[in-house]
Amino acid sequence: MLHISRKEHFNAAHKLYNPQWSKEKNVEVFGPCANENWHGHNFDLIVTVKGKPDPDTGFVVDLKKLSTLIRAEVIEKLDHKNLNTDVDFMHGKLASCENLVVEIWKILDAKLPGITSFGKLHCIRLYETPRNYVEYFGE
Ligand code: NI
């Protein structure tokens, strides 16, 4: 079993804000991340596919095709966007990295069979900062 990864990048704005709570409670829990007028991050997204190589190509997945897929299905929808207001698959959800990776997983897991019959989605890793990242393995 091999693991093969592609890194992509996007910039986006968000705020962490639970509309069920008062402004004070949001500030207490989320601190400056609850700032009404948004803040931004330079996100790195790492998508890992696992599988055995296709004997015809030696590839688990063609990384060029994986990059094109991630860009078309995910990066286009997130880059230079506001995660709270501009992104259809985040509507009604708190704009946390945790919620974001789960939605990215759903999108890519459904589309991956279109570009490889040897690889399966293994992990979505999202860096919000160089020191903070979230990983999701589909469960
Ligand atoms: Ni933030």
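His14 is buried, with a relative accessible area of 1%. The model is predicted. His41 has a relative accessibility of 15%. The limit for a buried residue is under 20%, so His41 counts as buried.

His14 also has a contact with Asn82. Asn82 is found in strand 3 (residues 81–82). Its relative accessibility is 10%, so Asn82 counts as buried. Beyond four places in sequence, Asn82 touches Ala13, His14, Trp38 and Val87.

Five strands form an open sheet with mixed pairing, in the order 3-1-2-4-5. Strand 3 and strand 5 are the edges, and each pairs on one side only. Strands of a sheet pair through backbone hydrogen bonds, either parallel or antiparallel. Strand 4 and strand 5 pair in the antiparallel sense, over four bridges. Tyr127 stands opposite Tyr133 of strand 5.

Helices lie across this sheet. Helix 2 lies across strand 1, strand 2 and strand 3, and runs at about 20 degrees to strand 1. Helix 3 lies across strand 1, strand 2, strand 4 and strand 5. The angle of helix 3 to strand 4 is about 155 degrees.

Which residues touch the most other members of the largest nonpolar core? They are Phe10, Leu45, Leu78, Leu100, Leu108 and Ile124, out of 32 residues in that core. Two or more core residues come from each of strand 1, strand 2, helix 2 (63–78), helix 3 (97–111), strand 4 (119–127) and strand 5 (133–136). Helix 3 gives the largest share, seven residues. Leu45 shows how the parts meet. Beyond four places in sequence, the contacts of Leu45 include Phe10, Ile70, Val74, Ile75, Ile104 and Ile124. Leu45 is also in contact with Arg6, Lys7 and Glu8, among others.

Aromatic rings form a further set of contacts. A pair of aromatic rings is described by the distance of the centres and the angle of the planes. The count comes to four aromatic pairs. In one of them, the ring centres of Phe10 and Phe43 are 4.8 Å apart and the planes meet at 15 degrees, so this pair is stacked. The pair links strand 1, which holds Phe10, to strand 2, which holds Phe43, across 33 residues. Both Phe10 and Phe43 are buried. Trp105 and Tyr136 form an edge-to-face pair, with 5.5 Å between centres and 80 degrees between planes. Trp105 is buried, with a relative accessible area of 10%. Tyr136, at 18%, counts as buried.

Lys23 gives a contrasting case. Lys23 is in helix 1 (residues 23–30). With a relative accessible area of 44%, Lys23 is partly exposed. Beyond four places in sequence, Lys23 touches Tyr17 and Glu36. Lys23 and Glu36 are 13 residues apart in sequence, and their C-alpha atoms are 9.2 Å apart in space.

Technical notes. Residues are numbered from 1 along each chain as its sequence is written. This is a predicted model: local features need pLDDT of at least 70, side-chain atom pairs count only at pLDDT 80 or more; totals for chains, interfaces and linings use all residues. Side-chain values use heavy atoms; hydrogens and water are left out. Buried means under 20% relative accessible area, exposed over 50%, partly exposed in between (1.4 Å probe, protein chains only). A nonpolar core is a set of buried Ala, Val, Leu, Ile, Met, Phe, Trp, Tyr and Cys residues joined through side-chain atoms within 4.5 Å. Contact means heavy atoms within 4.5 Å. Two strands pair if DSSP finds at least two bridges between them. Axes are lines fitted to C-alpha atoms, for helices over the stretch in contact, and angles run from 0 to 180 degrees between N-to-C directions. Rings of Phe, Tyr and Trp (its six-membered ring) pair if their centres lie within 6.5 Å; planes under 30 degrees apart count as stacked, over 60 as edge-to-face and the rest as tilted.
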